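This briefing describes a single protein chain by topic. Please keep the sequence and the three-dimensional view at hand while reading.

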Amino acid sequence: MIFSRTPFRISLGGGSTDLPSYSRKFGGFIFGFAIQMYMDIFVRKPVIYDRVDLQYLEFESEESPEKLRHPIARTALNMIGIKRAVSIYFKSDTPMGTGLGSSGACAVGLLNALYKYTGIEKSQHDLAEDAFTITQDLGLPDGKQDPYLTALGGFIAIEIDQNDKARFWRPEITEPTVNLFLANTLFFYSGIKRESTDILRSQEHGNALALKHKTKEIGRQILRAFTAGNLEDFGRLMHEHWILKKEMSDKITSPELDDVYGLAIKNGALGGKLIGAGGGGYFLFYCPDEGKKQEVSYAMRTVGFREIPIAVDKKGTRVQKIDF
C-alpha cells in the first residue's frame, strides 16, 4: 500500500497573476501557504485482476487509463506509463470546487503516490512541475501556485517568468508574526461549491489583465507586510484587493457574499477574501485583535458559516510505503 498526503493551500497575495493567460505576457507573482487540510491518496495492486480501479465520489473500473473519466487520474497514469493493475482511492478534507487548490493537490498527491508505486523518486519541485504539465495538457486555465504551494508546504513566494519558469523561496517571516497571523485570522466555509474554470476564464479580458498589474503589486506589498511583521497592513491590503478583484469578473462574488463580507467588516475585520477564484468556497478574514475576532466570529455564525481551524502545514506533499 502506498499512501500520499498533500496539503491544500491559501493564496495571500498575487492570486491569478500566475495564470498563463497573464504570466506569459507580464510575469506572475504569488505569496501563500499550505494548510493542515489534506488530499489523501492510497494506491495498491489489485489482488485478482489487472484492471485500473479508481474510487473518488464515483467508482471507475476500466481495462486501461484511457477509458477513465477522471481527467487528472487518466493523464497522470499515462504520464508515468502505468497501463494496468492499479487501484487508487482518494480521500479529501474539502469538497472539490471550494478554492483551496484541490486540482493541484490532487495532481501532486497522485503523482507522488504513483511514482512511489513504480519505484521512482521525485523531488517536491519536480512533482509541482509535473502537476502543472498535467493541468496544461488538460487545457485548464490553472497556474503554478496550486502545485507549488501544495507540493512544497509552508509559506512560499513564487515569481513566474514569461516562459513558465518558476523561482520560489521561503520568505523570512518570524515565528511571532506567524503566531499573530494565526491568532487573528478567521477561516469560514460558506458551503458553496463552484466551477473555477469559468470564473478564471472570465478574467482574461483586457480590463481584467490591467487590474492584475495592481493585484501583483498588492501581493508584493502583502509579502513585505509579513516580512516586516506589520499584519494590520496585511489586513488593509486584503480589503484593497477585495475591491479590486470584484472588478475583474461578475462571477467572483454575489450579492449574498458581498453582504457576508460587509458584515465582517462592520464587526471589525480589517479585510478579507474568498479563497481561490471566488464565487464561493472559503472566506478568510484578518482582525486587529482578539475582541474584534470574537465579534466577527459571532456575526458569521448568525449567517450559518462554519468556522474552520487554521494551521500551517510545513512539510508539503509526502509519501510512504505501508507494510502490514
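Over how many bridges do E1 and E2 pair? E1 and E2 pair over eleven bridges, in the antiparallel sense; two strands pair if DSSP finds at least two bridges between them. The model is a predicted one, in which local features need pLDDT of at least 70 and side-chain atom pairs count only at pLDDT 80 or more, whereas totals for chains, interfaces and linings use all residues. Residues are numbered from 1 along each chain as its sequence is written, and side-chain values use heavy atoms, with hydrogens and water left out.

**Overall form**

- The secondary structure comprises eleven helices and twelve strands, where helices (H or I, at least four residues) and strands (E, at least two) are DSSP runs numbered from the N terminus.
- The radius of gyration of the protein is 20 Å, close to the 20 Å that the globule rule gives for 324 residues, so the protein is as compact as a globular protein of that length. This radius is taken over C-alpha atoms, and the rule is 2.2 Å times the number of residues to the power 0.38.
- Along the principal axes, the C-alpha atoms fill a box of roughly 60 × 40 × 40 Å.
- Of the 324 residues, 56% count as buried; buried means under 20% relative accessible area, exposed over 50%, and partly exposed in between (1.4 Å probe, protein chains only).
- Among contacts (heavy atoms within 4.5 Å) with a separation of 6 or more, 74% are accounted for by residues 24 or more positions apart.
- The protein exposes about 13,700 Å², of which carbon and sulfur atoms supply 50%; accessible areas come from the Shrake-Rupley method with a 1.4 Å probe, and for residues only the protein chains shown count as cover.

**Strand pairing**

- Strand E1 (residues 2-13) is mostly covered, with eleven of its twelve residues buried.
- An open sheet of four strands runs in the order E9-E10-E8-E11 with antiparallel pairing. Its edge strands are E9 (271-274) and E11 (306-307), each of which pairs on one side only.
- In the antiparallel pairing of E8 (residues 185-189) with E10 (residues 282-286) there are five bridges, and Leu-186 stands opposite Phe-285 in E10.

**Loops with positive phi**

- Ala-85, although not a glycine, has a positive phi of about 55°. Ala-85 is placed in the loop between helix H2 (71-80) and strand E5 (86-92) and is buried, with a relative accessible area of 7%.
- Asp-164, also a residue other than glycine, has a positive phi near 75°. The loop that holds Asp-164 lies between strand E6 (155-160) and strand E7 (166-169), and Asp-164 counts as buried at 16% relative accessibility.

**Exposed sites**

- Val-47, Ile-48 and Tyr-49 make a nonpolar surface patch of about 350 Å². Patches are made of residues with over 30% relative accessible area and no salt bridge, with like charges joined within 9 Å and nonpolar side chains (Val, Leu, Ile, Met, Phe, Trp, Tyr) within 5 Å; a salt bridge is a side-chain nitrogen of Lys or Arg within 4 Å of a carboxyl oxygen of Asp or Glu.
- Ile-48 is exposed, with a relative accessible area of 74%, and is found in the loop between strand E2 (28-44) and strand E3 (52-55).
- Lys-266, in helix H10 (residues 255-266), counts as exposed at 74% relative accessibility.
- The C-alpha atoms of Lys-266 and Ala-299 are separated by 9.5 Å, with the two residues 33 apart along the chain.
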